[in-house]
Amino acid sequence: MRTLFSSLILLVACLSCEVNAFPIMVKKGYPFCTSCHVSPTGGGVLTPYGRGSSEEMLSTWSYENEGSESHGALEYLTGQRDDTGELNFGANIRSARVQTDKGRRYINMQKEFEMSLALDDRLTLVGTVGEYARGPESVKEYRRRYVLYESNENVSIRVGKFIPAYGLNVDDHTLGVRSALGYGEGSESNNLEGTLRFSSSEIVVTSGVSKNSQFSENHDGRYQLQTEEKFVALRTSYSFVSKSLIGLSFQVKQDDRIPNAPVKTQFGFFGVSGILSTPFYLMADNNWKALNDSGPIQWQPYLYDLVGAEFVQGVHLQLYYERKNLLDEYGAKLQWFPRPHWDLSTTYEYSKLGYAAIFMVHYYL
Amino acid sequence: MHRLIAMAFICFLSFAAAKEVPKKYTFTAGNNTLVWKAKGKALVGNASSFDITGRGGFVEGEVSLSKGFYSGALNVDVTGFKTEIEKRDKHLQEYLDSKQFPLATLMIKKLALGSDAFEGDLKIKGVSKPVSGTFSFKDDNLKAAFKVKVSDYPIGKVSYLGFGIEDEIAVEVDAHFIF
């Protein structure tokens, strides 16, 4: 029944006329990530256009050039704004206050600095250094480091450490479904990635090794060790009408250190769409993971379906449903981008295991 | 005799059913919508392109039939163009210098009765350039479509934080007429 509900949501998404993995941005006409981010699969350091977009489209208020690295100070002093994007740097500082029925916690989720340097029109280097929460501790890591080669606007190759392309790369760090599928925050792996991109479609193929240094955190503080697996992932997306995006994801992986280890398969479909010219938007990323450690294959659903609305620019009310590890969760989130560089959110999640209330403050440079 | 009367009746009905070809199409602010589509394109690097859809700015004017051809002048108030992003709208008005040139004019010069293809001139910022496209009439509805080359007009290089636009812009007009 819930699968049917999820499928219906996606169907509605497909039928409506207007949609962004950052669904807010797909809805504003930017179905692919590289307009605003250096990374072909989104997230991380912003391009000059991405900074301009944070002023004009994302935030409730802004002043001229506020989205720049210097908050506009350098532009005010020099009278000009760098639009070459040759050297970009950014930072993320994210903290959360989590209240559950088991208690209250304060988590310093991340403090990271990222830089990209374009050596020429085709070759870009990206590196990140940061300190991240891992369970009750914090660790220093170089989470992302890669070389991006863009042969032209249609073809790019990336080698290094980053999160592979799979499903929707949403900005929500509390999203459990992506972690359960192996694509949560901190799940960067060593990869080789090829992207084929056209004006309204994109295919990304990634092959790599996800090592066992990845953790997945739950609301109550537990975390789990992943295994070392070789994988191939495919994500294809298609912007079928303006402001709408649909796509398919597929992944196979195997831990070849273990004799006769099963090949693990997972697949899914996703979509983001605005609803005509209303403030509403829909997002769905529904996946099925084969459980075949023993006995016949069982397909376990990992679902994420969301309906959101932006009545005032920068203020988003979202209701969502998640299903992971056979557990249903329902959530409501209020997210506010008051000014460029600031992202505040309050989330309430409920499942049969209890509830979690999360207040998050995110500063992005 | 009865057969003759029946044939005459059928002929009468056929002529009565045949609709007269409109001699004139009048475009007013209330009977049409104009949409144009441009593509944002990276000027630096290889970032992905994106669609820009412009709406607003109704078509006003007349296209009338004479000697088997439709012709006429259609004006669009470009100050009404909206693209859903305030700053982009502001830049658009600056590029079009809409305070000095609030109207764009399409002169239909050659549109044969029964044909979809038209030829004409499009004037933007005081400069006229030939354009061609289609005018499809169906019942009381008209769909016009043509393409505009930005480089044909004194608009200058469109640029914002590493992005510009592709040279070709597609324009579509949907109109509904009540005769």
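## Basis

Contact here means heavy atoms within 4.5 Å. The model is predicted: local features need pLDDT of at least 70, side-chain atom pairs count only at pLDDT 80 or more, and totals for chains, interfaces and linings use all residues. Side-chain values use heavy atoms, without hydrogens and water.

## Interface of chain B and chain A

Chain A brings 26 residues to the contact and chain B brings 19 residues. About 2000 Å² is buried between the two chains, 49% of it on carbon and sulfur atoms; buried area is the accessible area (1.4 Å probe) lost on putting two parts together, summed over both. Of the area that chain B buries against chain A, 33% comes from N46(B), S48(B) and L161(B), more than from any other three residues.

The interface holds 2 salt bridges, a salt bridge being a side-chain nitrogen of Lys or Arg within 4 Å of a carboxyl oxygen of Asp or Glu. K87(B) and E64(A) form a salt bridge through their side chains, at 3.3 Å from N to O. On the chain B side that touches chain A, β3 (50–55) and α2 (86–96) each supply at least two residues, and β3(B) gives the most, with 3 residues. Helices (H or I, at least four residues) and strands (E, at least two) are DSSP runs, numbered from the N terminus.

How values were computed: Residues numbered from 1 in each chain as written. Chains lettered and ligands numbered in written order.
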